[in-house]
Amino acid sequence: MNSKSDDPMHIAPELLESLEKKGVSRRDFIKWCTGMAALLALPSSFIPRIAEAVASQKPYLVWLEYQDCAGDTEALLRATKPTVSQIILDIFSVEYHETIMAPSGFAAEKSLEDVVKNQKGKYFAVVEGSIPLKDNGVYCCIGGKSAIDIVREVCGNAAATLAVGTCATHGGIPAAAPNPTGAVGVQEAVPGATVVNLPGCPLNVENLTATIVHYLTLGRLPQTDRLGRPLFAYGKRIHDNCERRGHFDAGQYVQKWGDEGHRQGWCLYEMGCKGPETFHNCPTVKYNEGTSWPVQAGHGCIGCSEPHFWDSMSPFYGRLPNVPGFGVEKTADKIGAGLAAATAAGLAIHAVGRAVSSGKKDKE
Amino acid sequence: MKDKKEIVYVWEFPVRFTHWINVLCLLALSVTGLYIGNPYTLAQSSSQYIMGWMRFIHFVAAYAFLMSIIIRIYWFIFGNKYAGLSEWAPFSGKRIGEIADDLRCYLFCCKRTKAHIGHSALGGLSYLLLLAVFFFMVFSGFALYSVNHTGAVWTVLGGWMTNVMYLQTIRLWHHLLMYAIFAFTLIHIYLVLFTESIEETGIFNSIITGDKFIPEKDLE
């Protein structure tokens with residue numbers, strides 16, 4: 001594998017041959033490596049490095065799932081480009097994943113314990129779902145242990161923990177007000193652990209793969225923002241890469257679902273699109289083999305990769321949040337107009353009062 | 001009330017200047033802000049740039065507004081005694097008592113006997129509260145702006161707020177307090193006219209010329 005030529009783009013033929021034997025075509029593999037380099041914004045000279053790194057290592061991975069809908073697992077299983085999931089299953093030794101693993105019961109739990117014991121500091125932990133802390137974490141228990149106890153042990157001993165989906169990164173929907181189980185994300189549950197946050201509802205598996213490829217290729221985790229999200233995936237605002245941005249700047253808006261503007265593909269800002277406050281690479285990477293993403297399909301962004309989006313980004317079909325304490329039907333503008341009207345009325349009454357009182361004084 | 005009146009130069013140039021800059025900025029900010037917060041299709045074609053211009057005007061006016069606030073705060077210190085912070089903030093018991101008197105006057109419980117040279121106590125307090133609203137508008141505005149303008153300047157001017165409040169909550173209050181400023185403006189104009197009719201000191205013109213006509217008996 002070290003027989004490099006002077007060509008920086010050279011990928012060892014032995015490597016490609018061995019992959020061909022496993023059923024991964026040379027063409028698909030190089031395409032995949034190129035796609036990963038592009039996603040990570042690495043120059044093309046990294047393509048052979050990615051190829052080598054991915055083919056030469058087989059890290060252990062455990063996938064833990066707590067309070068969620070298994071949407072991130074679904075996203076993983078439906079990963080685009082079937083050959084890629086093949087590659088991933090091949091590069092990883094997936095030791096534990098409740099939804100897809102063969103063992104059950106004590107055997108399943110033992111495989112998790114073995115990884116934590118034998119691969120200490122070397123394995124990856126992927127966490128999906130939020131961790132309840134209220135009442136000693138009693139609301140989510142697996143094999144007689146609470147989620148928080150498992151996470152402390154497994155994530156605390158991992159090389160890195162990848163929190164996938166907004167539930168695992170910031171509590172997500174289980175943490176929505178009033179958060180009955182005291183749900184939190186991994187970073188908050190295990191403050192000492194090395195955590196990379198990959199929020200989304202669900203996450204885009206391309207970003208999970210790219211994060212791992214980054215680690216395998218460069219030996220370190222990708223640079224993150226203040227919310228622990230990799231900058232390559234969450235460094236740009238949806239609004240700034242949106243294909244409908246031209247209509248926003250021009251001043252062309254969808255006013256009603258199905259109206260002329262909606263049919264023309266105009267901006268969804270008025271329909272409550274949260275693209276202007278959401279950071280994610282949806283517009284560029286998209287979903288389902290790069291087929292589409294919500295805004296392309298005619299639905300505004302709901303800000304699912306931002307912390308506490310269920311509380312802070314709702315109503316999903318309104319520009320502004322509802323005003324607390326005024327009932328859900330009242331919007332800010334109605335209240336503002338009401339205040340202005342009340343002021344005008346107050347002033348009118350004052351003017352009348354003044355006329356009356358000065359009239360009295362004149363009589364005196 | 002046929003007292004001899006004396007001309008007093010009350011509002012110095014920076015006070016008048018910032019007042020009118022504020023008026024222009026608030027007008028521009030409100031008109032563009034209302035559109036930005038609740039846009040409708042004005043464009044005939046995609047090659048137009050209506051929202052782009054609205055936002056551009058909003059941001060330029062915001063910077064001008066901030067500069068105006070900075071000049072006015074500077075003038076708290078270096079201006080005459082009618083421009084100082086003590087004219088706004090009721091520091092003394094006497095001043096607090098005057099607020100009660102002003103309120104009674106506005107509620108027709110008693111008649112105002114003495115013309116104010118500078119601000120009335122209640123008026124001054126309302127400007128202090130308005131300044132607080134202005135501060136919130138500046139910080140919240142720059143907090144929203146900082147979302148795609150990451151730099152130390154915007155972090156200091158408002159980006160820090162995103163660590164304290166949800167972005168959407170900031171957006172909501174930025175929107176709601178605009179209406180508070182509308183309400184203030186209505187009351188402000190009304191009470192200036194009202195005061196003029198009682199005191200007859202030329203208060204309405206004084207924000208242009210700076211001069212007020214104070215009855216000799218009311219000069220301290």
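A residue counts as buried under 20% relative accessible area, as exposed over 50% and as partly exposed in between, with a 1.4 Å probe and protein chains only. Gly159(B) has a relative accessible area of 8% and is therefore buried.

This is a predicted model, in which local features need pLDDT of at least 70 and side-chain atom pairs count only at pLDDT 80 or more, while totals for chains, interfaces and linings use all residues. Residues are numbered from 1 along each chain as its sequence is written, chains are lettered from A and ligands numbered from 1 in the order in which they are written, and side-chain values use heavy atoms, with hydrogens and water left out.

**Surroundings of Gly159(B)**

Gly159(B) lies in the loop between α5 (152-157) and α6 of chain B; helices are DSSP runs (H or I, at least four residues), numbered from the N terminus. Leaving aside residues up to four places away in sequence, Gly159(B) touches Phe142(B), Ala143(B), Ser146(B) and Trp154(B), where contact means heavy atoms within 4.5 Å. Between the C-alpha atoms of Gly159(B) and Leu176(B), 17 residues apart along the chain, the separation is 20 Å.

**Helices α4(B) and α6(B)**

Helix α4 (residues 121-145) and helix α6 (residues 167-199) of chain B have axes that come within 9 Å and cross at roughly 150°. Axes are lines fitted to C-alpha atoms, for helices over the stretch in contact, and angles run from 0 to 180 degrees between N-to-C directions. The two helices are therefore roughly antiparallel to each other, a term for angles over 145 degrees. Residues of α4(B) in the contact include Phe134(B) and Met137(B), and those of α6(B) include Trp173(B) and Leu177(B). By class, this contact of α4(B) with α6(B) has 15 nonpolar, five polar and one charged residues; Ala, Val, Leu, Ile, Met, Phe, Trp, Tyr, Cys and Pro count as nonpolar, Asp, Glu, Lys and Arg as charged, and the others, Gly among them, as polar.

**Aromatic pairs**

Over all chains, the structure holds 29 aromatic pairs. Rings of Phe, Tyr and Trp (its six-membered ring) pair if their centres lie within 6.5 Å, and planes over 60 degrees apart count as edge-to-face. Two such pairs are listed below.

| Edge-to-face pair | Centre to centre | Angle between planes |
|---|---|---|
| Tyr49(B) and Trp53(B) | 6.3 Å | 85° |
| Tyr63(B) and Tyr145(B) | 6.4 Å | 90° |

The second pair links distant parts of the chain, with Tyr63(B) in helix α2 (residues 50-78) and Tyr145(B) in helix α4, 82 residues apart. Tyr63(B) is partly exposed at 29%, whereas Tyr145(B) is buried at 13% relative accessibility.

Key: Angles under 35 degrees count as roughly parallel, over 145 as roughly antiparallel, 65 to 115 as roughly perpendicular and the rest as oblique. Rings of Phe, Tyr and Trp (its six-membered ring) pair if their centres lie within 6.5 Å; planes under 30 degrees apart count as stacked, over 60 as edge-to-face and the rest as tilted.
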